[in-house]
Amino acid sequence: MAKLQKRLCPACGKTKAFRIDVKTCGCGGTNPNLVEAKKAVLTPDQIQELEFQKLRDKRQNKDEQIKSLQDRVLTLESENAVFATLKGAKPQIVDIKAALTSGKSESAMVVVWSDWHLEESILPEQVSNMNEYNLEIFEERFHRLLQGQMAWYRINARETSIKTVVLALLGDFITGSIHEDLAEANSLPPAEAIYKAYSMIVSGIKFILANTPSDVQLVLPCHSGNHGRLTKEQRIATESGNSLEYFMYLMLRDYFETEKRVKFVVQPGYHSYIRFFDGAYEIRFHHGHQINYAGGVGGITVPVNKALAQWNKARRADLDVFGHFHTRFDGGSFVVNGSLMGYSAYAVSIKASYEPPAQVCFLVNKEYRSKTAVMPIFVESPKV
C-alpha cells in the first residue's frame, strides 16, 4: 500500500494526508484560484468566424498566386508578341544608288540627330559650372548644329561628290515625363515639347534643302527613343504606338509629302537598314536603348559588340548607328551619337566623363565601300 503524506493539495488548497503517488487529495478541484485555467469554450458564432477567417486566408493566398500567374502570362504574351512581330515584320530597307559613273569619287553623307532633350533644364551648379541648358540655349545649339553640318558638307563636297545626305532622326528629342524628377524641372509639358521638336526639325530640313544643290537627295530614317513615350514602363511590341516621337515622324512625312528630294523611312520596329551604292555597304539604324549597359570596364564597347553579334546572326550590317548613351564614339563597326543637352546631373551621378554637347556626321565612300571621315559637330564654344 502506498504511503500517505500530509501535504498541500494543489486542487482545493487544503493540507491533507494523501498518497504520495498522486497529485491531489481527490477533491475534484474546489479552489478555482489554484486550478489551472481550463481551455476556453468557443461559442458557435466564434467558431463560425474562425472558419471564415481560415477561408479568407486561403483565398488571399490563392489570389496572390493567381495574380503572380497572371503577371507571368502577360509577360510571356508580351515576349511572344515581340517574337511574332519580329518574325512577320519585314525591315524597311532603302537602296541608295550611285549617281556618278564608275571611277569618279562619290560619297554619301550621314548626319545623326538625337538626344536633344530640348525641354530639360540643366543648372550650372548641378554640373560644376561645366554646362547649362534651357530652351534658349537649345535653340542656339540647334542653329550651330545646322551651320556645323553644312560646313562639313561644303568641305567634303570639294573632294568627293555628295549626292545623298542621310539625316538619321534617332529619338529622345524630348525628355518627357517618364521620370518624376525630370518632369518637375522640364520647361515644357510633353505635348508642347514634341511640337517644339517638330517645328525645329521642319526648319532644319528646309535649311538643308535650301543650302544643298537641287540634285542632292535627303533620306531620313526615323526611330523613337525611350523618353518620348506615353507609358511609364518601356514597351517592346507596342513601342511605336505609345511614342510621341513616332507620331511626330508621321507628321513630318506628311508635311514633306510633295517634296521630291525628301524620303522618310518611318520604322515602327527597332531597326531600319540603308544600303549604299548597290548594296556595297549597309548601315543599321536604331536609337540604342535595347543595348544593355550598366557601367563597367571598357565602357559601352563590350555590350555593344555583344548586341551587334546577335543582330548580325539575323541580318548582317556593316555598321550600326545609334544614340542613347550621350557619348560620341567611333567604334569601328558602330558609331554612337552625342547629345545636344551635354553634361547633366545624371551624368555626374553615374560618374560619366565630361563631354561637350555635339552631334556626329560621317561619309560612306563608294570606291572604298567603307565609312571614311567621321566628324564631330560641336554646338558651343570650348570650355577654357
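1. Arg316 counts as exposed because its relative accessibility is 55%, and the cut-off for exposed is over 50%. Please keep in mind as you read on that this is a predicted model.

2. Arg316 has a charged partner: its side chain meets that of Asp318 in a salt bridge, with N to O at 3.0 Å. Asp318 itself is partly exposed, at 26% relative accessibility. This pair is one of nine salt bridges found in a search of the whole structure.

3. A second pair has a rather different setting. Arg284 and Asp320 form a salt bridge between their side chains, 2.8 Å from N to O, and both residues are buried. Arg284 belongs to strand β9 (residues 281–285) and Asp320 to strand β10 (residues 319–322), so the bridge ties together parts that lie 36 residues apart in sequence.

4. Next, have a look at Glu367 and Lys366. They form a salt bridge in which the closest N and O atoms are 3.6 Å apart. Through salt bridges with shared partners, Glu106, Lys366 and Glu367 are joined into one network. Glu367 is partly exposed, with a relative accessible area of 35%, whereas Lys366 is buried at 12%.

5. Where does His223 sit? Its place is the loop between β6 (217–222) and α5 (244–255). Although it is a loop residue, His223 is buried, with a relative accessible area of 2%. Its side chain makes a polar contact of 2.7 Å with the side chain of Ser272. Leaving aside neighbours within four places in sequence, the residues in contact with His223 include Leu169, Tyr249, Gln267, Tyr270, His271, Phe285, His286 and His287. I would enjoy looking at this site together on screen.

6. Which residues does Ile205 touch? Not counting residues up to four places away in sequence, they are Leu167, Leu218, Leu220, Phe256, Val262 and Phe264.

Technical notes
Residues numbered from 1 in each chain as written. Predicted model: local features only at pLDDT ≥ 70, side-chain atom pairs only at ≥ 80, totals over all residues. Heavy atoms only, no water. Contact = heavy atoms within 4.5 Å. Helix = DSSP H or I, 4+ residues; strand = E, 2+ residues; numbered from the N terminus. Buried < 20%, exposed > 50% of the residue type's maximum accessible area, 1.4 Å probe, protein only. Polar contact = N/O pair within 3.5 Å; in protein donor to acceptor, adjacent residues only side chain to side chain. Salt bridge = Lys/Arg side-chain N within 4 Å of Asp/Glu carboxyl O.
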